[in-house]
Amino acid sequence: MSTENNLKGRQVVIHDMSLRDGMHAKREQISVEQMVQIASALDAAGVPYIQVTHGAGLGGNSLQHGFAPHSNEEYIAAVAGKMKQAKVSVLLIPGLGTMKELQSAYDAGARAVHVATHCTEADTSPQHIAFCRKLGMDTNGFLMMAHLNTAEGLAKQGKLMESYGANTVYITDSAGYMLPGDVKDRVAALRAVLNPETEIGFHGHHNMGMGIANSIAAIEAGATRIDTSVAGLGAGAGNTPTEVFVAVCERMGIVTGCDLFQLMDMAEDMIVPMMEHMVRVDRASLTLGFAGVYSTFLLHAKRAGERFGIPARDILVELGRKKMIGGQEDMIVDTAMTMAKERGLLKEIEI
Amino acid sequence: MKKIKCALIGSGNIGTDLIYKLQRSPLLEPVWMVGIDPESEGLARARDMGLKTTADGVDGLLPHVLADGIQIAFDATSAYVHAENSRKLNELGVMMIDLTPAAIGPLCVPPVNLKAHAEKVEMNVNMISCAGQATIPIVYAVSSVQPVGYGEIVASLASKSIGPGTRANLDEFTYTTSSAIEKVGGARKGKALAIINPADPPMMMRNTISCLTDDEPDQERITASVLAMIKEVQKYVPGYRLVNGPLFDGKRVTVFMEVAGLGDYLPKYAGNLDIMTAAATRTAEMFAEEILAGSIQLKSLEVA
């Protein structure tokens with residue numbers, strides 16, 4: 001009860017991930033027409049930031065991460081041209097995307113960016129964060145797999161990103177592993193060290209069913225930006241569902257500026273019908289959350305499992321044990337092959 | 001036996017590991033270590049290992065080049081200062097092995113093209129990147145069997161093995177490696193991805209190489225070519241090991257490699273450090289053999 005009172009009147013900025021994280025759930029196969037249709041509906045519903053790229057961001061088109069039917073620039077330009085109020089944002093992971101791609105994304109109309117590193121490797125992002133600020137973009141430092149670092153460790157990493165020029169620092173629960181207490185500790189530790197004008201964001205995955213609860217916990221600890229996806233369209237069991245989050249915010253008196261009924265209709269009439277599989281907590285996505293594995297690994301593990309005769313859950317648990325992180329999708333097939341050899345299902349090559 | 005005297009520029013992870021490699025070489029002798037911080041750990045270690053040191057950058061080395069008979073220099077600083085370092089040393093007739101992503105000279109992957117560079121007496125050769133050294137031999141092994149339209153490599157590196165220079169300049173690493181997959185590996189288009197993993201204990205360097213062949217891949221010949229290439233690399237990096245593959249998937253050929261280091265300066269997980277320094281040492285040895293045999297003579301470049 002006291003919680004609801006505390007948050008009454010708080011302003012929160014929603015950053016929608018349906019057209020970026022959602023690409024993972026669609027094996028990167030969303031057409032330009034679908035992107036424009038969905039982004040226009042989000043824009044009309046008052047969502048202020050809409051992320052639009054390949055699931056792995058700029059530079060993501062690859063054998064490692066799959067090829068989308070169109071280039072990032074084509075998606076960005078098509079969507080940006082139609083926005084009335086929303087800003088188009090992109091994801092950039094140093095080591096995958098480069099400043100050349102940032103420049104061309106900006107030229108195509110992107111005005112906000114998540115610059116993402118693993119939660120302990122913020123010092124791989126100084127060039128890119130500084131470059132985004134120079135371009136005048138809304139620049140978010142995005143600390144992925146944040147459950148693998150302590151609150152104090154994340155505070156240091158966030159401070160580094162702030163020093164490079166990030167105006168927002170995100171706690172990113174890429175594995176959907178965190179519980180509300182974990183989120184609160186981490187956001188509070190960041191709040192304690194960042195400059196007052198630097199914002200804090202939270203990006204959740206719903207693998208343990210905690211998307212909404214974790215986002216509210218983040219707001220309680222001082223976060224002002226929340227990443228969400230309509231109907232949860234995102235990797236693993238999906239992101240914090242936009243329409244559910246907005247409904248909870250309305251009940252709690254948190255101000256998002258978004259139209260709940262329009263988002264509900266979008267979820268039901270537009271997003272759910274385009275899902276290739278129901279994005280929800282199931283055996284494999286729950287395994288991700290429980291074992292602390294990168295959500296994007298889900299579909300890769302299912303495919304590798306079918307090919308080499310190893311249950312996807314076994315592969316995911318092994319990847320968690322080996323502490324594989326985002327971007328190491330190649331290690332999924334590698335791990336499946338090694339497990340298949342151990343189980344006598346695959347022959348060792350004769351050297 | 002006479003050895004060729006060498007200078008090392010940059011006293012970070014790579015420069016320090018090179019001392020160990022060069023001290024074991026029958027053909028090379030590390031004489032100078034060049035740094036920029038008199039208090040640096042790297043310079044202190046170099047002194048302990050018997051090298052002369054200067055903290056005044058390359059300019060601190062120049063007055064001693066002729067007197068100490070330096071003929072080969074290794075630059076492990078950064079892309080930004082390499083060109084200037086190289087110009088100054090080339091003027092004095094010192095051959096430069098570039099371990100930065102500057103790549104102003106031809107790109108060198110020893111089992112693919114070292115011999116050709118030595119025959120041409122190149123005064124500056126570039127070692128691309130650790131990921132390039134670990135993956136381009138495999139791309140070349142595939143592309144020498146049949147045309148490769150696209151080559152993509154993913155390098156996973158232990159966080160503890162990546163120094164501050166590489167971290168702050170990941171884009172240069174990406175550009176240099178991607179371009180070398182094309183120029184040296186023989187793929188018409190190349191792409192390089194790097195992932196830095198902080199797992200503790202640190203993970204071994206892993207590399208996944210994927211090639212798209214124009215036509216159906218000849219599985220038998222590609223497998224034989226890849227295995228033969230792995231043996232070539234193992235001559236100077238014993239910990240270069242096939243983990244899985246070649247895996248054939250339509251026109252896609254995928255090879256999963258691991259690189260264990262020798263554990264000289266950093267522990268064995270830092271195969272990325274080793275493959276770079278071992279390739280650079282191998283390159284210098286090839287030039288040294290030719291110099292000692294009198295078949296090539298380094299000369300100072302005419303600088304306009």
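Tutor: Happy to! Let's begin with Pro246(B), which sits in strand β10 of chain B, the strand made of residues 240-249. Please keep in mind that this is a predicted model. What deserves a close look here is the peptide bond that leads from Gly245(B) to Pro246(B): this bond is cis, and its omega is near -5°.

Chain B has another bond to look up. Asp200(B) and Pro201(B) are also joined by a cis peptide bond, with omega about 0°. While Pro246(B) is placed in a strand, Pro201(B) lies in a loop, the one that runs between β8 (187-197) and β9 (205-213) of chain B.

Val121(B) is not a glycine, and yet its phi is positive, at about 50°. You can find Val121(B) in the loop between α5 (110-119) and β6 (124-126) of chain B. Val121(B) has 15 C-beta neighbours inside 10 Å, so it counts as partly exposed. Over in chain A, Met145(A) has a positive phi too, about 55°, and it is not a glycine either. Its loop connects β5 (138-144) with α7 (151-164) of chain A.

Next, back in chain B, look at a pair of helices. Two packed helices are described by the angle between their axes and the distance between the axes. For helix α6 (residues 130-143) and helix α9 (residues 219-234) of chain B, the angle is about 145° and the axes are 8 Å apart. The crossing of α6(B) past α9(B) is right-handed. On the α6(B) side, Pro137(B), Ile138(B), Ala141(B) and Val142(B) take part in the contact, and among the residues they meet in α9(B) are Ile222(B), Val226(B) and Met229(B). Sorted by class, this contact has eight nonpolar residues, one polar and one charged.

Finally, see where the chains come together. The contact involves 25 residues of chain A and 26 residues of chain B. On the chain A side, α6 (126-134) and α15 (330-342) each supply at least two residues. The largest share, five residues, comes from α15(A). By class, the chain A side that touches chain B divides into nine nonpolar, eleven polar and five charged residues.

Terms used
Residues are numbered from 1 along each chain as its sequence is written. Chains are lettered from A and ligands numbered from 1 in the order in which they are written. This is a predicted model: local features need pLDDT of at least 70, side-chain atom pairs count only at pLDDT 80 or more; totals for chains, interfaces and linings use all residues. Two residues are in contact if their C-beta atoms, placed from the backbone, lie within 7 Å. Helices (H or I, at least four residues) and strands (E, at least two) are DSSP runs, numbered from the N terminus. Ala, Val, Leu, Ile, Met, Phe, Trp, Tyr, Cys and Pro count as nonpolar, Asp, Glu, Lys and Arg as charged, and the others, Gly among them, as polar. Axes are lines fitted to C-alpha atoms, for helices over the stretch in contact, and angles run from 0 to 180 degrees between N-to-C directions. A crossing is left-handed if the near helix is turned anticlockwise from the far one by less than a right angle, and right-handed if clockwise. A residue is buried if 20 or more other C-beta atoms lie within 10 Å of its own, exposed if 12 or fewer, and partly exposed in between; C-beta atoms are placed from the backbone.
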